[in-house]
Amino acid sequence: LGLALYAGSLCAVGDATFLYHDYCVLGAGPAGLQAAYFLQQAGRDYVVFERSHAPGSFFALYPRHRKLISINKQYTGKSNSEFNLRHDWNSLLSHDRRLLFRRYSRDFFPAADTMVRYLEDFASLLELRVQYNTAIVHVTLERDGQAWNGHYFLLTDQDRKNYKCSSLLVATGTWVPNVVNFPGSEYVEGYETVSINPEDFAGQTVLILGRGNSAFETAENILGVTNFIHMVSRSRVRLSWATHYVGDLRAINNGLLDTYQLKSLDGLLEGDLEDLAIVKDRKGKLHITLRFYLENRNFSAGIDSITLPQDELDNFATRAPYDRVIRCLGWKFDFSIYNRSLNLMPGKGNIKKYPQIKPSYESKGTRGLFVLGTASHSVDFRKSAGGFIHGFRYTTRAVHRLLENRHHGVPWPSTVSPITQLTNSIIKRVNEASGLYQMFSVLADIILLRENATAFEYLEEYPVGILAELEIQTGRKAPNGLFVIIMEYGRNFSGADKDVFYYNRAVGEAQHAWQSNFLHPVIYYYKHLPTEREMRLRPPEWPLPRPDAIHHIVEDFLTEWTAPNAHILPLRRFLENCLGTDLRSFFAESCFLFAFTRQKLPAFCQQGYVRMQGLLGSEGLRRHAVQAGLLQDYTPTDSSGDRPPDSHDRSQDQLLRDHVIPVRPLQHLVNAKDE
């Protein structure tokens, strides 16, 4: 039987034999392991190819100075595991509570070696199917009308073994160093190989090319031993607290900004690196000049024959020679292994280091090829956290759900609830959901309304970029309108040149919620599912097309949107206006009165009181309602002297039996008739 099964998994094509799997995952980094987890939980046929002997090989080398900048918050004051993931930027998603990163390190910024150990445990404890020491060196297509996507993916490893799969998930990250070629660039040391021993830089003058976290991380390591450090890059420094983008410069690495602005010799410069040139003198010192000075000159003739900028401008900023020049320009995606038949092309402009993909994370050139993890960051570059673990763990789950629907007929997970639970459902999610919080403006909760708005279907963390394709991608129907719940920063609050600490930066009143600056929930209402044309023509920087109605829940200093007047009441009123129905909750007495005085009962009375659903009253509950003015006091008096001694108790017991209070949590027993 084993031989028969093995033979059945082999596909002969020409003279080559291919081992077949439904899903092939390239790379056993965080994104690859996360994809493997979801595939394994769903019982799918998959394999993960990893070129190294262990998972997470990128973290075995990077960051070079071995401290991560992803936060590992131990305490939040809450026990809600979903909420706590908002402040855990390292854990992958799983059902195993042992695999929370805080169990591996108590450091706020943990060591990279801890991440390597965590990923090894994640793969082994969950028994993920990872094939190590397998470097895929070539990927091409084989057209076949019977295949899921009209073709198979053919993979070849370093030992010329061949594999075939129906769907290819690329999770190799960006690991090829960005290199700028200019005259003298051979004298430049790369971030990937430069010494990390500060003593090797003692008494030296250093120039760093780049202005990201790797550049500042390198500077931070040698700041106390160098003569001075200069840093040059094409763009100005971008501080993460101003841009609200975690990939920009983090405070943990910005010591050079202090020494620059406090005039302690170090400095930052702006300039196009491709315009530079480096000339080495006889003493081994490196001089910075400009490329155009070298035009029509013999570069190999020596420094004496070359004009330097300081020869014409005696206060030229980089006139002092340097002992070392270090390149810290980040990484790019490796396109070299993909055959042209896949049409996997680099992006344009500032996302050219990433492959071109759709908002669904599927390649624009090849159906069935999905890009996961850091390499998928073109979807939300400089906007959200999709290039980092605390972002792509959710986008990987979204891709898995898309694949489950496309290939296996498993609709996007959803829950159906009566319309009376709409406000509570939204409030619950915006207060605890980690996917919405981390992937703001990219992932959204979708609420699909049922006919006559009597119920709703709730879908969590759907990519808003493919909202127009919702019915096809999820297997759910949206004929009666929908709400989209998303998290956003204020429109004009983020940017490299923004002062995010100005005096009146926070909004506290509900009527000004639309002016909120900090991250806050926004609810879009559409009477009909937006079309692809409407998605294309949406206003610049808007995550969604113009809605029929929109509501901002005012920002909150504690990020707790639970205030009855500031948060919940305005939201409920907005939902009522959109639906044309009363979403308040009532006691049985009010429902009884409405039944005689109104043509249409509120939804809560229709779905509770009229169906004889309720909570049996008690003396304590009745007394509380009377004292709060929520019920009339029907307790009989003692004016009838001829009544039997126990008649009062019997009438009171009868009253309690007759009073049926609708079922709902005790903390929500609030009479809303005056709101």
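The model is predicted, so local features need pLDDT of at least 70 and side-chain atom pairs count only at pLDDT 80 or more, while totals for chains, interfaces and linings use all residues. Residues are numbered from 1 along each chain as its sequence is written, and side-chain values use heavy atoms, with hydrogens and water left out.

**Helix 2**

- Helix 2 covers residues 30-41; helices (H or I, at least four residues) and strands (E, at least two) are DSSP runs, numbered from the N terminus.
- Its 12 residues reach 17 Å from the first C-alpha to the last, close to the 16 Å expected at 1.5 Å a residue (the expected span is 1.5 Å times one less than the number of residues).
- Helix 2 is mostly covered, with 10 of its 12 residues buried; buried means under 20% relative accessible area, exposed over 50%, and partly exposed in between (1.4 Å probe, protein chains only).
- Among the buried residues of helix 2 are Pro 30, Gly 32, Tyr 37 and Phe 38.
- After helix 2 comes Gly 43, with a positive phi near 75 degrees.

**Aromatic rings**

- The whole structure holds 30 aromatic pairs; rings of Phe, Tyr and Trp (its six-membered ring) pair if their centres lie within 6.5 Å, and planes under 30 degrees apart count as stacked, over 60 as edge-to-face and the rest as tilted.
- Tyr 104 and Tyr 118 form an edge-to-face pair, because their ring centres are 5.2 Å apart and their planes stand at 90 degrees.
- Tyr 104 sits in the loop between helix 4 (81-84) and helix 5 (112-125), and Tyr 118 in helix 5, so this pair ties together parts that are 14 residues apart in sequence.
- Both Tyr 104 and Tyr 118 are buried.
- Phe 333 and Phe 335 also pair edge-to-face, because their centres are 4.9 Å apart and their planes are at 75 degrees.
- Phe 333 is buried at 2% relative accessibility, whereas Phe 335 is partly exposed at 22%.
- Tyr 37, Phe 38, Phe 101, Tyr 104, Tyr 118 and Phe 122 are linked by ring pairs into a cluster.

**Arginines over rings**

- Arg 324 lies over the face of Phe 201, at 4.2 Å from the ring centre; a charge sits over a ring if NZ of Lys or CZ of Arg is within 6 Å of the ring centre and within 35 degrees of the ring normal.
- Arg 546 lies over the face of Trp 542, at 5.2 Å from the ring centre.

**Ser 417**

- Ser 417 belongs to strand 18 (residues 414-418) and counts as buried at 17% relative accessibility.
- Leaving aside residues up to four places away in sequence, Ser 417 touches Ala 455 and Phe 456 (contact means heavy atoms within 4.5 Å).
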